[in-house]
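Please keep the sequence and the structure at hand while reading.

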Amino acid sequence: SEACGWGLGSDSAAIAAKIAALPSKRSTPRKAVVTQGAEATVVASATGSVQCYPVKGNPWNLSKGDLVDTNGAGDAFVGGFLSQLAQGRPDKDCVRAGHYAAGVVIQRAGCTVPAEPPAFVAGPEGAILERLTRLEVAMGTVLRKVNAIARQVVPPPKRILGFGNPLLDISATVEQAVLDEWGAQLNNAILAEDKHKPLYKKLAETHAVEYIAGGATLNSVRVAQWMLSGDGEMGKTAFVGCIGQDEFGATLKAQLAKDGVQGCFLEVGDTPTGTCAVLVKDSERSLIANLAAAEKYDAAHFADPATQAVVAGSDVFYMAGFPLTHEGGKKTVTAICEHAAATGKTVCMNVSAPFIAQFFKDPLLAAFEYCDYIFCNESEAAALSEACGWG
């Protein structure tokens, strides 16, 4: 809200309505989804409707003591949401799936999911199921089998394709002194400057770190695939991006294969795989991303027949705002939007960080014209409102 001059302050519902009503080149009404941590998630439609879905009890009732790491909560929410959108579920099921996935992730270190499939079940039966405790997993298994039988006579889920900056997350729990040393703030994401380059090596030397295939879009796609696996749907997701021909790149590809996500990577030999320092303190996080190979993505790779075959076989496209910071990313975002407009496919995009709204407003709004769903959290919504002059 800050970046467009709308005068709405921090009123997430009003900002969501403004976002939904932005100019559109799509034939269906756009929807804006604003998450607010433990507060209600807002879904606004260009038709003028605004719905608020509570987080508590929908389906989780978590306390502060349950939180391990909020890193990736927003990405996980989108992944859960997309898993139901791909199956044609209504907004209320998409939001509840988002809450479910985020609730799983914040009880673990990093944006990771359990090895076993989720117990989430969509629809009215799921709302009842998730109020149970000891019987939840067992009944979830039974209901998933019922859903699997039902799916024999209904269309399969649409295939989801993500495009973004693939990064290998280097996650560690740190002290306030580490945040101060690198000029990092909790609940914020920044791009690495020259002064941050020593951070990644030093973090690995001074703290216990975990390496996780990440980047905002890739996190969401991995979670979406995990959620779909609960319904027996495998191989329904793919991801396009650029990595280096190095050990970190190999680690990232191996994790994706294990997660059941098809990787479609441009691999470069002169630049290392991108990394992201995930600094966790008191269950909150700060991200410092060194894009490296991720910002070397060339739109010529997207036009390659092999990539185009993946694009042609996909129906739902999801992108974070981060690729708009480099030329290859901007061109590819445009290509995806134009492909989806020409073929009637679904486009979803995330503001991703306040600085995207503040410094990349014009390409962001240009992409939004093609979007069916726009995601952001409350701080990103406020930054967009200010950047657009909404107040």
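## Aromatic pairs

The model is a predicted one. The count of aromatic pairs comes to twelve. In one of these, Phe-77 and Phe-81 have ring centres 6.0 Å apart and planes at 45°, so the pair is tilted. Both residues belong to helix H2 (residues 73-85), where being four residues apart separates them by about one helical turn. Phe-77 and Phe-81 are both buried.

Phe-81 also pairs with Tyr-373: the ring centres are 5.5 Å apart and the planes stand at 65°, so this pair is edge-to-face. Because Phe-81 lies in helix H2 and Tyr-373 in strand S14 (residues 373-377), the pair ties together parts that are 292 residues apart in sequence.

## Burial and the cluster

Phe-81 has 0% relative accessibility and therefore counts as buried. Tyr-373, at 10% relative accessibility, counts as buried because the cut-off is under 20%.

One aromatic cluster is formed by Phe-77, Phe-81, Tyr-318, Tyr-373 and Phe-375.

## The second largest pocket

The volume of the second largest pocket is about 400 Å³. Its lining consists of 17 residues, and those nearest the centre are Val-113, Pro-114, Ala-115, Lys-258 and Asp-259. By class, the lining divides into seven nonpolar, five polar and five charged residues.

At least two lining residues come from each of strand S7 (210-214), helix H8 (216-229) and helix H9 (247-259). Helix H8 gives the most to the lining, with four residues.

Methods:
Residues are numbered from 1 along each chain as its sequence is written. This is a predicted model: local features need pLDDT of at least 70, side-chain atom pairs count only at pLDDT 80 or more; totals for chains, interfaces and linings use all residues. Side-chain values use heavy atoms; hydrogens and water are left out. Rings of Phe, Tyr and Trp (its six-membered ring) pair if their centres lie within 6.5 Å; planes under 30 degrees apart count as stacked, over 60 as edge-to-face and the rest as tilted. Buried means under 20% relative accessible area, exposed over 50%, partly exposed in between (1.4 Å probe, protein chains only). On a 1 Å grid over the protein atoms alone, a cavity is a set of points where a 1.4 Å probe fits but cannot get out, and a pocket is an open set with protein on both sides within 12 Å along at least five of seven lines; lining residues have an atom within 4 Å of a point. Grid points are joined across faces, edges and corners, and a volume is the space filled by probe spheres set on the points. Ala, Val, Leu, Ile, Met, Phe, Trp, Tyr, Cys and Pro count as nonpolar, Asp, Glu, Lys and Arg as charged, and the others, Gly among them, as polar.
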